[in-house]
Amino acid sequence: MILGLFRRKKSEPTIDSLYGTIVAQAREPVFYTACGVPDTLWGRFEMVVLHAFLVLHRLKGESEERRELGQALFDRLFLDFDRGLREVGVSDTKVPRKIRQMGEAFYGRVQAYDEALAAEDPGLLEAALARNVLASPGADTQELAAYMRRTAAHFAAVPYESFLAGEVAFPPPPQGDAA
């Protein structure tokens, strides 16, 4: 019975692949150079959350059974956040509080981005990104908002089976001033 704790689940390679794709996209330099995302621990958190949101946003439209993939991805995300906090030296006693804060931030972003993507007013997404990602209300987030909309539309056309196989690619990131 206890040995079951050490076995890899069938879905782990899929989650590893999806999560790796999210993190790789979130680390694209253009987000930090041309889009104004601060290249800080918090800025990188925001970009991972934004990209995880885009994948989870697509998966939430699936059946209850299929949404388990989204839950496993969420669990991996926060397991990695926990590990990252410990690596940067956050004490064991403070990690749970920091994870709770990150969870609250995550759910706040999910709600804001969900509402903004569903809204008719394109300014809602831009305002949410300025407030959350750039921490600068009124900042120019048009490129980042367009990228989010383009990615959400791209993922809407990707079959669930591609996500289940861990074979999902993000569209190219914004091009900054070159666009």
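Predicted model: local features only at pLDDT ≥ 70, side-chain atom pairs only at ≥ 80, totals over all residues.
Local features need pLDDT of at least 70 and side-chain atom pairs count only at pLDDT 80 or more, while totals for chains, interfaces and linings use all residues. Residues are numbered from 1 along each chain as its sequence is written, and side-chain values use heavy atoms, with hydrogens and water left out.

**Exercise 1. The whole chain**

Find how many helices and strands the chain has.

*Solution.* Start with the elements, which are DSSP runs numbered from the N terminus (helices are H or I with at least four residues, strands are E with at least two). The chain has eight helices and zero strands. Read from the N terminus, the order is α-α-α-α-α-α-α-α. Next comes the overall size: the radius of gyration is 17 Å, close to the 16 Å that the globule rule gives for 179 residues, so the chain is as compact as a globular protein of that length. (This radius is taken over C-alpha atoms, and the globule rule is 2.2 Å times the number of residues to the power 0.38.) Along the principal axes, the C-alpha atoms fill a box of roughly 55 × 40 × 25 Å. Finally, buried residues make up 42% of the 179 residues. (Buried means under 20% relative accessible area, exposed over 50%, and partly exposed in between, with a 1.4 Å probe and protein chains only.)

**Exercise 2. Helix 3 beside helix 4**

Work out how the axes of helix 3 and helix 4 cross.

*Solution.* Axes here are lines fitted to C-alpha atoms, for helices over the stretch in contact, and angles run from 0 to 180 degrees between N-to-C directions. The axes of helix 3 and helix 4 come within 10 Å and cross at roughly 170°. That makes helix 3 roughly antiparallel to helix 4. (Angles under 35 degrees count as roughly parallel, over 145 as roughly antiparallel, 65 to 115 as roughly perpendicular and the rest as oblique.)

Now look at the residues in contact (heavy atoms within 4.5 Å). On the helix 3 side they include Phe45, Val48 and Ala52, and on the helix 4 side they include Leu69, Gly70 and Phe81. By class, this contact has eleven nonpolar residues, one polar and no charged. (Ala, Val, Leu, Ile, Met, Phe, Trp, Tyr, Cys and Pro count as nonpolar, Asp, Glu, Lys and Arg as charged, and the others, Gly among them, as polar.)

**Exercise 3. Residues one at a time**

Is arginine 86 buried, partly exposed or exposed?

*Solution.* Arginine 86 lies in helix 4 (residues 68–87). Its relative accessible area is 37%, which means that arginine 86 is partly exposed. Beyond its neighbours within four places in sequence, arginine 86 is in contact with Asp92 and Val95.

Where is alanine 135 placed?

*Solution.* Alanine 135 sits in the loop between helix 6 and helix 7. Alanine 135 is exposed, with a relative accessible area of 61%. Although not a glycine, alanine 135 has a positive phi of about 50°.

**Exercise 4. Under cover in helix 6**

Which residues of helix 6 (residues 123–132) are buried?

*Solution.* They are Leu125, Ala128, Leu129, Ala130 and Asn132. What covers them includes helix 3, helix 5 and helix 7 (142–156).
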